[in-house]
Amino acid sequence: QQVEIISEQYNANVAIWGTVFEGKTQVYVHTLYPIDHYNSDDPTAPRVPIQPTLSNLNMTMRNVYDPQFIPDFALAQLHYSVGDFASAIPYYDAAVDFIKSGRESDFKAEAIYFYRGFARYQIQNWDGAIVDLKQSVELYPRLAEAYYYLGHAYIQQQDYQNAVSYFGQALDYHPGFSLAPYHRGLAYVQLGEYKLAIEDFT
């Protein structure tokens, strides 16, 4: 609702709105249609708006805007929001290229690394996910979700000791993270630490 208000206030086709709370970060993208783009460059041709599809939005933003951080991040988030993680990653890559050393907070780089890390996790790129998620918590140490998915990525690599550590850090920053004890318990089972596993399960 807040994103829609901002979109209307600034008459924007695309608005980005972010929040950080309880060690979590959320970045939303809202689009207003129809997209102001037509299917012919001939000024005498009938001007028919292109249908509002995600691929058309990709084309419009890439053509209208000079290469820059905001459109790439917005397009990444739009693909992410519909579960097309493989298509989102190249846009995250392009957005990361604009992040200047020493200005990470200006670009909210922790959010970009988190989302790209989660997208890489979803396509089972465990090494890439670990690199990005570690980068996100280096920039914003209270990002509990990043620790949680680091734990999962390490489980996929059968590195159960690191998995236990990162699930624990997720709980340190967000004690109410209800799924973390269960999955840490599973990692404890793999390590033969049955007493600690039972404590997490109960």
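**Group meeting: helices and aromatic packing in a predicted model**

Phe85 counts as buried at 16% relative accessibility, where buried means under 20% relative accessible area, exposed over 50% and partly exposed in between, with a 1.4 Å probe and protein chains only.

First, the basis of what I present. This is a predicted model, in which local features need pLDDT of at least 70, side-chain atom pairs count only at pLDDT 80 or more, and totals for chains, interfaces and linings use all residues. Residues are numbered from 1 along each chain as its sequence is written, and side-chain values use heavy atoms, with hydrogens and water left out.

Confidence comes next. The pLDDT, the predictor's confidence in each residue from 0 to 100, averages 78 over the chain, and 65% of the residues score at least 70. Over residues 33-43 the pLDDT is below 50, and this stretch has 22 contacts in the model beyond near neighbours in sequence; contact means heavy atoms within 4.5 Å. Residues 45-52 also have a pLDDT below 50, with 17 contacts beyond near neighbours in sequence. Where pLDDT is low, the predicted coordinates should not be read in detail.

Now the overall architecture. The chain has 10 helices and two strands. These are DSSP runs numbered from the N terminus, with helices being H or I of at least four residues and strands E of at least two. From the N terminus on, the order is α-β-β-α-α-α-α-α-α-α-α-α. Of the 202 residues, 46% count as buried.

Let me turn to the core. A nonpolar core is a set of buried Ala, Val, Leu, Ile, Met, Phe, Trp, Tyr and Cys residues joined through side-chain atoms within 4.5 Å. The largest one has 50 residues, and Tyr92 and Ile112 touch the most other members. Helices α3 (69-81), α4 (85-96), α5 (109-122), α6, α7, α8 and α9 each supply at least two residues of this core. Leaving out residues up to four places away in sequence, Tyr92 touches Phe73, Ala76, Gln77, Tyr80, Ile112, Tyr115, Arg116 and Ala119.

Tyr80 brings us back to Phe85. Rings of Phe, Tyr and Trp (its six-membered ring) pair if their centres lie within 6.5 Å; planes under 30 degrees apart count as stacked, over 60 as edge-to-face and the rest as tilted. The count by this rule is 17 aromatic pairs. The ring centres of Tyr80 and Phe85 are 5.4 Å apart and their planes stand at 90°, so this pair is edge-to-face. Tyr80 is buried too, at 17% relative accessibility. Both residues belong to one aromatic cluster, whose members include Tyr121, Trp126, Tyr148, Tyr149 and Phe167.

Tyr121 lies in helix α5 and is buried, with a relative accessible area of 14%. Beyond its neighbours within four places in sequence, Tyr121 contacts Trp126, Ala129, Tyr149, His152 and Ala153.

What end-to-end span should the 14 residues of α8 have? At 1.5 Å a residue, α8 (residues 160-173) should span 20 Å, and its end C-alpha atoms are 20 Å apart, which agrees; the expected span is 1.5 Å times one less than the number of residues. The buried residues of α8, among them Phe167, pack against α6 (126-139), α7 (144-156) and α9. His183, in helix α9 (residues 179-191), is buried at 16% relative accessibility. Its contacts, apart from neighbours within four places in sequence, are Tyr148, His152, Ile155 and Phe167.
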